[in-house]
Amino acid sequence: MHTLFAQQRLSQYAEAREYVELGARLVTVQRLTGLRPPDLHRWFFRDPRQAQFGRPPNAVQWYTLANLLQRVDACLFAAPFQRLITRGFAPKAALLNAYRGYLELGLCQPRVDFDRAVDLAGHIAGLWLTHTAHLIVLTCPLCACDTLSTQGLKTPLDCPFCQLQSRYPRDKRVRVHFPTPVPRQLAMPRLGISAFCPGLSQPTSTPPSFSRRAQR
Ligand SMILES: [Zn+2]
């Protein structure tokens with residue numbers, strides 16, 4: 001019995017499930033997996049209110065017109081994506097890993113949703129939405145951060161991280177988005193005689209007994 005078709009279809013649905021869980025629009029899932037909208041509705045969007053409709057983003061100029069926090073967030077996703085692509089990862093694997101890494105940063109209000117991430121990744125790799133790469137990640141010579149930029153440039157223009165550093169002290173919105181990390185309480189270094197006698201620095205919960213009964 002031939003099961004190749006079933007295997008292909010199951011892997012398509014497994015892939016689609018990952019995109020849906022990340023909040024992808026129906027059209028984006030269709031574009032990435034090749035599954036038809038009726039099948040996607042049947043499996044993932046039985047309640048039409050849960051489906052995200054509308055046209056997915058597809059605009060090269062979005063990045064240059066975006067505000068500072070949107071551009072910083074776009075860079076936080078784009079830099080690992082391009083790094084993974086350069087190291088030979090498959091584009092879809094790079095997309096999922098880079099976007100999950102971006103979400104794991106724990107920003108209070110992420111400015112890049114999954115559809116936007118697909119848009120950015122497509123314009124970096126020249127895939128899915130376009131046949132030409134329009135964007136590239138370059139290292140800023142001033143702050144050494146990886147910054148999204150237009151293809152053809154040698155150094156990024158208007159690095160958002162340089163702007164972020166200058167605006168951070170006087171812009172509350174920026175400080176809320178990127179709060180200062182709380183310093184972790186590190187264990188005190190063990191110095192001097194306590195380093196050679198662990199029992200001195202770490203008292204046990206039950207005091208040692210020196211009675212004759214305990215020594216027998
Ligand atoms: Zn910079």
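The model is a predicted one, where local features need pLDDT of at least 70, side-chain atom pairs count only at pLDDT 80 or more, and totals for chains, interfaces and linings use all residues. Residue numbers start from 1 along each chain, following the sequence as written.

The protein chain has 12 helices and two strands, taken as DSSP runs (H or I, at least four residues, for helices; E, at least two, for strands) and numbered from the N terminus. In sequence order the pattern reads α-α-α-α-α-α-α-β-β-α-α-α-α-α. Of the 216 residues, 26% are buried, a label that takes 20 or more other C-beta atoms within 10 Å of a residue's own, with C-beta atoms placed from the backbone.

Now for the core. A nonpolar core here is a set of buried Ala, Val, Leu, Ile, Met, Phe, Trp, Tyr and Cys residues joined through C-beta atoms within 7 Å. The largest one holds 38 residues, and Phe77, Ala78, Phe81, Leu95 and Ala117 touch the most other members. Two or more residues each come from helix 1 (4–21), helix 2 (26–33), helix 5 (68–86), helix 6 (91–103), helix 7 (114–125) and strand 1 (135–139). Helix 5 supplies the largest share, at 10 residues. Domain 1 (4–50) and domain 2 (62–177) both contribute, so this core lies between them; the domain bounds come from an automatic or database assignment.

Just past helix 7, Gly126 adopts a positive phi of about 70°.

Lastly, helix 1 and helix 2 pack at an angle of about 145°, and their axes are 10 Å apart. Axes are lines fitted to C-alpha atoms over the stretch in contact, with angles from 0 to 180 degrees between N-to-C directions. On the helix 1 side, Gln12, Glu15, Ala16, Tyr19 and Val20 meet Thr28, Val29, Leu32 and Thr33 of helix 2.

Notes
Buried ≥ 20, exposed ≤ 12 C-beta atoms within 10 Å, placed from the backbone. Contact = placed C-beta atoms within 7 Å.
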